[in-house]
Amino acid sequence: MVATLLRLRWRILYHQFRRDWWRLLFVIAGAIWSLSVVPGLAIGSARLAAESAAVRSDAMLTLGALFALAWIVVPLLATGVDDTLDPARFAPWGIEARRIMPGLAVAAFTTVPAIFFVAVAAVMGSVWRTDSVEVLLTGLAGALLTAASWVFSARLAALWGGRLIVSRSGRATVIGTVVALFGGIVAGAVAVRRDGLESFIDYELASVLKGLGLTPLGAGFTAPRSLFEGDTVGAVWRLALTAGWAVLLFFAWRSAVAYTLVHPIMRGSGSHRRDDAILNAVSAPDFTGKSRTPRSRMIAAVRQRTLRSWRADPRYLAQLVAALLLPTVGGGMAIVVAGGAGVWITVLPIALALGVGWGRHNDLAYDSSAVWLDIVSGVSGRDLMAGRLLATLQWAGPAVLLACIAAVGSAGRWDVFAPVTATALGVLAAGLGVSSVTAVALPYRVPAPGESPFGADAGSIGASLIGQAVSSLGTGVVVPLVAAPLLAAFMWGGGWWVLSVVVSIVLGVAVAILGVRAAGSLFEARAGKLIAAVS
Amino acid sequence: MTTPVNAIELRGLYKRFGRTVAVAGIDLDIPVGSFYGVLGPNGAGKTTTLSMATGLLTPDAGSVRVYGIDLWQEPSRAKPYLGVLPDGLHTFDRLTGSELITYAGTLRGLDPDVVRERRDDLLAALDLGDAATSLVTDFSAGMAKKVGLACALVHAPRVLVLDEPFEAVDPVSGAAIRTILQSFVASGGTVVISSHVMALVERLCDRVAIVGKGQVLTAGTLDEVRGDGDLERRFVELVGDVADQRDLAWLRHS
């Protein structure tokens, strides 16, 4: 069965590469990049090998913890992960999980990232080569066992993540994890502010690393040091803990695969909704209090329908969490490193706005072939794109506003609140305007409704990269214009503060309106090609 | 303005996907007030043709006229005439059945009060009571088909283009749908369906076209097409039988 699954995987890849030959270019590029870092790794390893056992151990531990986190987070946040052997695809064949697991496990180690990181782990373990053979072998065994746990944890995270976000309680768990992560970062920031960065590294970070070395995440990297210091029992139990962890993850993965085989993810939670939210939205008066025109009703219907996706569709929710998580964690870590929040932290809400705006560059594809209903209805493209943009603004606007309050508050600079908020909202509106156009002009395939939000991009990687590049270019041209007056205000003050408020709002709204208009016209012109492009 | 004779006119429709020619120049007239069946084997180009006839797929060549209006030149004028039920496409699956019908009606420009009334009528007529408050993602295939049909009907179009409308639908609901469609045609509406079920087409349709390899092999009234025999025999004559009718002896247990 192992050989069969490996052959199946290679056959699928072969057909994918024949159909979309440029995919192969990216795999080759990834492999070349991986090879290009080998000399750097070798040099780093040689330098580290000359250091003391404590330094080597701590360095391995820190790197190992970062890699462990990356292996869990990246498959969750990034699509395009290899899905050639997605367990759900075996469901119709009636095969038991225990029969396919050996093949899945071996196949998991044949991807470019897995091969690269196993090699990196081997290099990490080899920093003990200047010591006895026993210590070197312990180092290699610990590192390779840890690498196995990275690979298994990634597979497990993708399967569990897809399940978690489907249910309401699961979503609460995800939000709880995000809050806990943020709380940890804030605690780190407080410690840095109180005691300084040096003290933080000497005490708090050291104690975190010491604790990590006793857990399955780091025990494999501290085992050689134990042996080096004559603690054979310590080395043995650390290796055993690492091996046990890898085995545990393997069986947890097997259990998740077994569950996946008989629980298709496409179903909702069986919930019922008595209210017709679309009817309520189109019946309610508009923001001026007047009853809606037919056009306003169409926009309201599209907005309400898209809002439902943001609330209930796991694919949208995954993007929402990613959009909020990345700048939050990044900002938090920056506070830790910088030893407190300065006025620079006001860049955080702008980064959040930029991330949300740019992130919608493939917005239309998430509705997949469901857009047929919009197309056959003959609805105006402008109204459709306006409704979609307003739905994103409805949650992203308050989120950006809250981020502005948090950033300005933590920096203690309420005097810049209005310019920072206006700029962040302007960047959000401009980013959404640009993304509206690329979403229609260059859509690329994403997991279809009901598929795992963490599954692979079913479409061509070439198309996704073109879409992302063009969107980045458009955003890169427009956003600096919106944000430049704020930068000038920070540098020169005076009238720039007022100007930054006016320019960012006017430009942001103008780009959003122009973007919606252009995207709407493009939608109508491309209506007969869109379904083929996104499904 | 005089009412055109044909509800839909297809002229020289052509579509190619890569090296595969899916539709190779189809001409078809679908008269107003007809119940028209489009038949063909798998891969014959039925769905591609209907997609081009309803504005869902741009043709490489040819034209589509709906009540005399060029669909691809003036889509905003032609589309209100059409009610469409495509086969195999997703729909907005995080809405409830009620919300999906309301959404379709609103996009067609209906007033909220009209939408509410028609939505409730359609839910009752198509036996979709339970589906009203459930999310579409939780629907069975038959329920999804019925709510799709409700979306196609909500704006009271002149022409219904339905791709496999009875597929996965239970017999009771099937009978209700037949009654609705027959009544629609009796009142002057036009229905175009694609189907593989010959008995159903013979029972419902007064006109038929058989499509094969992207071309119309024959078209006309039901009697003209089937001649002296039945429709299935005529269908097999035109599209050809399975080339290699191999006996799967290993499948028999006794």
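## Helix packing

In this predicted model, α7(A) passes α11(A) in a left-handed crossing, where left-handed means that the near helix is turned anticlockwise from the far one by less than a right angle. Helix α7 covers residues 133–164 of chain A and helix α11 covers residues 232–262 of chain A, and the two pack at an angle of about 25° with their axes 8 Å apart; the axes are lines fitted to C-alpha atoms over the stretch in contact, with angles running from 0 to 180 degrees between N-to-C directions. α7(A) and α11(A) are therefore roughly parallel to each other, a term for angles under 35 degrees.

The residues of the contact between α7(A) and α11(A) comprise 17 nonpolar, seven polar and two charged, with Asp, Glu, Lys and Arg counted as charged, Ala, Val, Leu, Ile, Met, Phe, Trp, Tyr, Cys and Pro as nonpolar, and the others, Gly among them, as polar.

## A loop residue

A:D313 lies in the loop between α13 (294–312) and α14 (314–338) of chain A, helices being DSSP runs of H or I with at least four residues, numbered from the N terminus. A:D313 has a relative accessible area of 2% and is buried (under 20% relative accessible area, 1.4 Å probe, protein chains only). Leaving aside neighbours within four places in sequence, A:D313 is in contact with A:R308 and B:R94, contact meaning heavy atoms within 4.5 Å.

## Cysteines

Over all chains, a search of the whole structure finds zero disulfides, a disulfide being a pair of cysteine sulfur atoms within 2.5 Å. A:C404 is buried at a relative accessible area of 0%, and B:C151 counts as buried at 5% relative accessibility.

## Conventions

Residues are numbered from 1 along each chain as its sequence is written, while chains are lettered from A and ligands numbered from 1 in the order in which they are written. Local features need pLDDT of at least 70, side-chain atom pairs count only at pLDDT 80 or more, and totals for chains, interfaces and linings use all residues, while side-chain values use heavy atoms, with hydrogens and water left out.

Key:
Buried means under 20% relative accessible area, exposed over 50%, partly exposed in between (1.4 Å probe, protein chains only). Angles under 35 degrees count as roughly parallel, over 145 as roughly antiparallel, 65 to 115 as roughly perpendicular and the rest as oblique.
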